[in-house]
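Please keep the sequence and the structure in view while reading.

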Amino acid sequence: MDKAASCLVPFLIAALLLFCLFRRVPVFDAFSEGAKEGLRSCVSLLPVLIGLVTGVTMLQASGALELAARALEPLARCLGLPKEVLPLALMKPVSGGASTALLSQTLEACGPDSFAGRTASVLAGSTETALYCVAVYFGAIRRKEKSCALPAALIGHLAACLCASWAVRLLMGF
């Protein structure tokens, strides 16, 4: 199976080249044009990415994340969400890397088989970095108005946060 998989990519590239030659597509010109367009997209996204990284770093360094998590503890308790998961729930829409670090910290502190550890794992696997995706994708198409995309993504994140603890209770008997 490994041998077949290692031969698959070169076979697909050769098939694509033969198809392009058959259709008389200037392969190198098309490749060069695509590479130029990709570089333009990367350069246009740099300010958005630098802004996001700066914002996440400031959020973590300032202690605002811990402050917000402490402020939301009573609400989380009413909704059945463990307090140890709140920093992860707050960071996940902003940064995937930072939320992975918070997941790791939660698993080390509480254990992977604890209610908080399992809820954090379900939460990390069922949510998306909404702000990052909206900023990058809308930045790539140079659209300033985000319309309903951001509110819809954040509502989906909230639903996943609530359902994570409920699913762990229901399916794992906590």
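Val 53 is part of helix 2. In this predicted model, Val 53 has a relative accessibility of 56%. The residue is therefore classed as exposed, since the cut-off for that class is over 50%. Along the chain, Val 53 and Tyr 132 are 79 residues apart, yet a distance of 9.7 Å separates their C-alpha atoms.

Arg 24 belongs to the loop that lies between helix 1 (2-22) and helix 2 (27-62). Most residues other than glycine have a negative phi. Arg 24 is not a glycine, but its phi is positive, at about 60°. With a relative accessible area of 74%, Arg 24 is exposed.

## The crossing of helix 6 and helix 8

Helix 6 (residues 115-126) and helix 8 (residues 149-172) have axes that come within 9 Å of each other and cross at roughly 130°. Helix 6 is therefore oblique to helix 8. The crossing of these two helices is right-handed.

On the side of helix 6, the contact is formed by Phe 115, Arg 118, Thr 119, Val 122, Leu 123 and Ser 126. Helix 8 contributes Ala 160, Cys 161, Ala 164, Ser 165, Val 168, Arg 169 and Met 172. Sorted by class, the residues of this contact are eight nonpolar, three polar and two charged.

When residues up to four places away in sequence are not counted, Ser 165 touches Leu 79, Gly 80, Leu 81, Pro 82, Phe 115 and Thr 119.

## The largest nonpolar core

The largest nonpolar core comprises 16 residues, and Leu 88, Met 91 and Leu 123 have the most contacts inside it. Two or more residues of this core come from each of helix 4 (86-91), helix 5 (96-110), helix 6 and helix 8. Helix 6 supplies the largest share, namely four residues.

Which residues are in contact with Leu 123, leaving aside its neighbours within four places in sequence? They are Val 85, Leu 88, Ala 89, Ala 160, Cys 161 and Ala 164.

Notes:
Residues are numbered from 1 along each chain as its sequence is written. This is a predicted model: local features need pLDDT of at least 70, side-chain atom pairs count only at pLDDT 80 or more; totals for chains, interfaces and linings use all residues. Side-chain values use heavy atoms; hydrogens and water are left out. Axes are lines fitted to C-alpha atoms, for helices over the stretch in contact, and angles run from 0 to 180 degrees between N-to-C directions. Angles under 35 degrees count as roughly parallel, over 145 as roughly antiparallel, 65 to 115 as roughly perpendicular and the rest as oblique. A crossing is left-handed if the near helix is turned anticlockwise from the far one by less than a right angle, and right-handed if clockwise. Contact means heavy atoms within 4.5 Å. Ala, Val, Leu, Ile, Met, Phe, Trp, Tyr, Cys and Pro count as nonpolar, Asp, Glu, Lys and Arg as charged, and the others, Gly among them, as polar. Buried means under 20% relative accessible area, exposed over 50%, partly exposed in between (1.4 Å probe, protein chains only). A nonpolar core is a set of buried Ala, Val, Leu, Ile, Met, Phe, Trp, Tyr and Cys residues joined through side-chain atoms within 4.5 Å.
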